[in-house]
Amino acid sequence: SKTDVFRQLLNQETLIRMSLVKNVHSLMKDMVEMKESMSTSNKRLHDAEKEISSLKNEVQLLKTENQKLKEEAVKFQEEFKTTDSRFDEIKGNFTMVSYSRDQYETHVNKKLEDFEKNTSTILNDIKIEVRYLSVTLLDLNKHTMELNMSIPDLIESKLTEYSAYLNRSVGDINQKLLTSKEYQEQLVYNLSALGSNQSSLMKIISDKMNNTITSIKADVEQSQKSQLKLSAAVSSLEVFRMNMSLLNNCASKTSVSFTVGVTSSSSSWSGDILVFPHVITNNGNGYNPSTGKFIAPTDGTYVFFVTVNSYSANTVYLDIVLNGSKKVRTMSHNTANYMTGTNMAVLQLYTGNSVWVSRYSGKSYYSRSVPITTFSGFLL
């Protein structure tokens, strides 16, 4: 019937409306997600634009630095042409220095040999004296033992003699007692005097014996102290001999070390190699104050240290360079005035290798009459 058809149409319309509402909701959700993705994309685009801008700035800086490097390369080529003749002169000077160094080493070796001979002679004399002192101490100990053994015998002999004398006196007194009373009274007096003399004599003997024992003990203690001192002296002599051998071994090695600096400031210095003309120490003559380069006179492990103070609010970066290869870098930034940059490098060098301080970027350096900006190195 028409009513059923109408109902079916209404049901279909309801279903269509529900599906439309559902589709509309899904479309709204998709629109929200699209808006979020659009905002994220805009943010990423903004970040990409910033990064592109920074990259453009870096490219511009690289172009500027490249131009500076080209100009410095041209200058270096011109300086290289002028330094050929200097290298020839340096070779001649180096030959003379090597000859002088050989002569100096020969002289030092001769001095060391003489010193070793004198040291050996002195040590032998000291050993002989120590042996004599040891023999003397042995004799002293023997004498002390003999005294310790003879003192009781001496005391016993003295007591025996005194007892015999006392017995003889008593016998004589008994005989005289029998002859007279007057002599008996005199005998009583003599006996009392004899008793007092006996006590005083025993006291004197005891005091002498105690003094003798005390002096012997003091002598024994003194001999023990002397033995300890001799042992310490022998140990000290052995340590001295070992130290002398170590000193001779150390003296045989070549001493190489230097400390140099600048004694005036520059607010516009922007060169390549920083030359330190003020020489404080230059053992081995490895550092050249005219070129600013250190040339290794022997193979070994070296330690180098550089300190730079920037002038006012300038920025300066310096490198420690080995044969043209940059090893470590200092940084004196312009976040404050007169910033200090330092760094240290431990390098394995062979004879003839060169080490110097080179500017990476920035300009200027600050120093005083007592150097603040310095360069140092030594052989381990």
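Asp-319 and Lys-326 form a salt bridge, with their closest N and O atoms 3.7 Å apart. A salt bridge here is a side-chain nitrogen of Lys or Arg within 4 Å of a carboxyl oxygen of Asp or Glu. Are the two partners buried or exposed, or something in between? Asp-319 is buried, at 1% relative accessible area, whereas Lys-326 is partly exposed, at 45%.

Before going on, a word about the model. It is a predicted one, so local features need pLDDT of at least 70 and side-chain atom pairs count only at pLDDT 80 or more, while totals for chains, interfaces and linings use all residues. Residues are numbered from 1 along each chain as its sequence is written, and side-chain values use heavy atoms, with hydrogens and water left out.

**More salt bridges**

How many salt bridges are there by this rule? The count is four. Here are three of them, with their N to O distances.

| Pair | Distance |
|---|---|
| Glu-13 and Arg-17 | 2.8 Å |
| Arg-359 and Glu-72 | 3.2 Å |
| Asp-319 and Lys-326 | 3.7 Å |

Let's take the Glu-13 pair. Glu-13 and Arg-17 both sit in helix 1 (residues 2-179), four residues apart, which is about one turn of the helix. Glu-13 is partly exposed at 35% relative accessible area, and Arg-17 is exposed at 54%.

Now for the Arg-359 pair. The side chains of Arg-359 and Glu-72 meet in a salt bridge. This pair links distant parts of the chain: Arg-359 is in strand 9 (residues 354-362), Glu-72 is in helix 1, and 287 residues separate them. Arg-359 counts as buried at 14% relative accessibility, while Glu-72 counts as partly exposed at 38%.

**The chain as a whole**

Helices and strands are DSSP runs numbered from the N terminus (helices are H or I with at least four residues, strands are E with at least two). The protein chain has two helices and 10 strands. Reading from the N terminus, the order is α-α-β-β-β-β-β-β-β-β-β-β. Buried residues make up 21% of the 380 residues.

Contact means heavy atoms within 4.5 Å. Of the contacts with a separation of 6 or more, 73% are between residues 24 or more positions apart. The accessible surface of the chain comes to about 27500 Å², and 58% of that belongs to carbon and sulfur atoms. Areas like this come from the Shrake-Rupley method with a 1.4 Å probe; for residues, only the protein chains shown count as cover.

**Inside and on the surface**

A nonpolar core is a set of buried Ala, Val, Leu, Ile, Met, Phe, Trp, Tyr and Cys residues joined through side-chain atoms within 4.5 Å. The largest one has 25 residues, and those with the most contacts inside it are Phe-276, Phe-294, Phe-304, Leu-349, Val-355 and Phe-375. Which elements give two or more residues to this core? They are strand 1 (257-261), strand 5, strand 6, strand 8 (340-349) and strand 9. Leaving aside neighbours within four places in sequence, Phe-294 is in contact with residues including Phe-258, Phe-304, Leu-349 and Val-355.

On the surface, Phe-305, Met-344, Val-346, Phe-378 and Leu-380 form a nonpolar patch with about 500 Å² of accessible area together. Patches are made of residues with over 30% relative accessible area and no salt bridge; like charges are joined within 9 Å, and nonpolar side chains (Val, Leu, Ile, Met, Phe, Trp, Tyr) within 5 Å.

Thr-315 lies in the loop between strand 5 (300-309) and strand 6 (316-322). Thr-315 counts as buried, at 19% relative accessibility. The Thr-315 side chain reaches the backbone nitrogen of Asn-334 at 3.2 Å.

Asn-309 is in strand 5 and is buried too, at 7% relative accessibility. Where does Ile-372 sit relative to Asn-309? The two are 63 residues apart in sequence and 6.9 Å apart in space, C-alpha to C-alpha. Not counting residues up to four places away in sequence, Asn-309 touches several residues, among them Tyr-338, Tyr-365 and Ile-372.

Methods: Buried means under 20% relative accessible area, exposed over 50%, partly exposed in between (1.4 Å probe, protein chains only). A polar contact is a pair of N or O atoms within 3.5 Å; within protein, one must be able to donate a hydrogen and the other to accept it, and residues adjacent in sequence count only if both atoms are side-chain atoms.
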